[in-house]
Amino acid sequence: MLLFGENVLWLLVLIGVMIMIHELGHFWAARYFDVKVEAFSFGFGPRLFGFRRGDTDYRFSLIMLGGYVKMAGEQPSDENHDDPRGFLAKPRWQRLIIAFAGPLMNVVLAVALLTGLYMFKFQKVADEDMQAVIGHVMVDSPAAKAGIQDNDRIVRLDNKKNPTWEDVGLKEIASAYRPMYLTIERNGKFFDTAVTPTIGERSGMGFAGWDERGQIQLGAVEAGMPADKAGLKKGDLLMTVNGQPIHSQIKFQEITKNSGGKPIEVEYLRDGKSHVVTVQPVFSNVDSPARWMIGVIPQQKLRIITTKLSFPAAFRESIQANGKGALLIVQFLKGMLERRMSPKNLSGPIGIGTMAGAAAREGPAEFFQLMCMVSLNLAIFNLLPIPILDGGVIVMLLVEMTMQRDLSLNVKEAVFKVGFVCIMVIVAFAIYNDISKILPAG
């Protein structure tokens, strides 16, 4: 119960900051063009308290989840629709800028957060750990069918030479049912092939059935599960499982999954000393698909270089990181529209709250990185051409600018209703996703 309360608190902080920054964009742009702003509210619902300065009522409202800006004459049906300082009284190009200013502020926030974080702490994986060397290829996977084997190295990905695993991973996620053209090095010889990822059962995104080669350690050990009872701890370095060397997360998971419930023998290093334990897997149907597991999260042990960047260098790195993030979001949305990716990855308030709580417990750097990601997502989502969102407002303004006349009130009201229904469907589906991830499968 305490954990749930923490998640709710950090969700309110995260979403509250994101939405208030968004609304500040609309507010500042409206004030710049002398649009009368009647209310700037922290939260929704009944007014609790506040103060008035000029034309604007700065208020705190009952539901402290985000906020809104109310401008005079936003709708033709408003009482003051003929106010010369009303929103609809302003030229369309000014209204377009006011609508765009909200998402723009979310992008600015994302860039500013990472820039500030990188000036304080910038972590980079050592170059040798970023090489795209295959650790393991799953049987009958897209990678296996393309002739790729363990220890192969990807030296070209489409038109990019010597890609990193980050490049490969981003391309794989976005390439469900689309070929990735590769050049492979094996024992000093080179050959070309193509891998066409399918949709991963658990991820809902592109999945090739391979992973990178490296040292594998335990990133987490679930309390009360077999691994915990056997004495395994977070940070233990895996050497062998059932006598097989472990250089891949997937290979470790495959051995556990295919154990059939038989005990597995794990050799690991802790503080430079080798240990061997026998672990009895348990069958779990909490996740989908149900499988044998021992309650650990394996991860690659990377050599991390930590430093501080100057402002120009931090700003450049922030732009690059946010650019990659935005491209991935757009590719994911495009993949859903083309029915190449599963929409089950959409997270609602429950999922975001869980992520916010977990990030906050990890530390400020992790929470700021999550805030950056959510801010970027909010910006792109609001720019979708869905009526009621900023993107829908922008599209309608562009249509009116092209037609050189206003759309009829009936058309605008119908479009608004359609947009409202679309948003409610998306929200309901996201909440359904959150709940389905919590409830046991089957």
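**View 1. Ser259 and the backbone oxygen of Thr256.** In this predicted model, a polar atom of the Ser259 side chain sits 2.9 Å from the backbone oxygen of Thr256. That's a polar contact, meaning a pair of N or O atoms within 3.5 Å; within protein, one must be able to donate a hydrogen and the other to accept it, and residues adjacent in sequence count only if both atoms are side-chain atoms. You'll find Ser259 in the loop between helix H6 (249-257) and strand S15 (264-270). Helices (H or I, at least four residues) and strands (E, at least two) are DSSP runs, numbered from the N terminus. Ser259 has 11% relative accessibility, so it counts as buried; buried means under 20% relative accessible area, exposed over 50%, and partly exposed in between (1.4 Å probe, protein chains only). Skipping neighbours within four places in sequence, Ser259 is in contact with Ile264, Pro281 and Trp292, where contact means heavy atoms within 4.5 Å.

**View 2. Asp236 and the backbone nitrogen of Lys233.** Here the Asp236 side chain reaches the backbone nitrogen of Lys233 at 2.8 Å. Asp236 belongs to the loop between helix H5 (226-229) and strand S13 (237-241). Its relative accessibility is 2%, so Asp236 is buried. Leaving out neighbours within four places in sequence, Asp236 is in contact with several residues, including Ile216, Leu218, Tyr268 and Arg270.

View 3. Look for Asn151 in the loop between helix H3 (142-145) and strand S5 (153-157). Tyr177 is in the loop between H4 and strand S7 (180-186). Asn151 has a relative accessible area of 46%, which makes it partly exposed. Tyr177, at 47% relative accessibility, is partly exposed too.

**View 4. Helix H4 packing on helix H7.** H4 (residues 165-174) and H7 (residues 311-337) pack at about 20°, with axes 9 Å apart. Axes are lines fitted to C-alpha atoms, for helices over the stretch in contact, and angles run from 0 to 180 degrees between N-to-C directions. The pair is therefore roughly parallel: angles under 35 degrees get that label, over 145 is roughly antiparallel, 65 to 115 roughly perpendicular, and the rest oblique. The crossing of H4 and H7 is left-handed, meaning that the near helix is turned anticlockwise from the far one by less than a right angle (clockwise would be right-handed). Glu166, Leu170, Ile173 and Ala174 of H4 make the contact with Lys324, Leu328 and Gln331 of H7. Those residues split into 4 nonpolar, 1 polar and 2 charged. Ala, Val, Leu, Ile, Met, Phe, Trp, Tyr, Cys and Pro count as nonpolar, Asp, Glu, Lys and Arg as charged, and the others, Gly among them, as polar.

**View 5. Helix H2 crossing helix H7.** H2 (residues 92-120) packs against H7 at an angle of about 130°, with the axes 8 Å apart. That makes H2 oblique to H7. H2 passes H7 in a right-handed crossing. Among the residues that meet are Val111, Leu114 and Tyr118 in H2 and Phe311, Phe315 and Ile319 in H7. The contact of H2 with H7 comes to 10 nonpolar, 3 polar and 1 charged residues.

**Notes for every view.** Residues are numbered from 1 along each chain as its sequence is written, and side-chain values use heavy atoms, leaving out hydrogens and water. Local features need pLDDT of at least 70, side-chain atom pairs count only at pLDDT 80 or more, and totals for chains, interfaces and linings use all residues.
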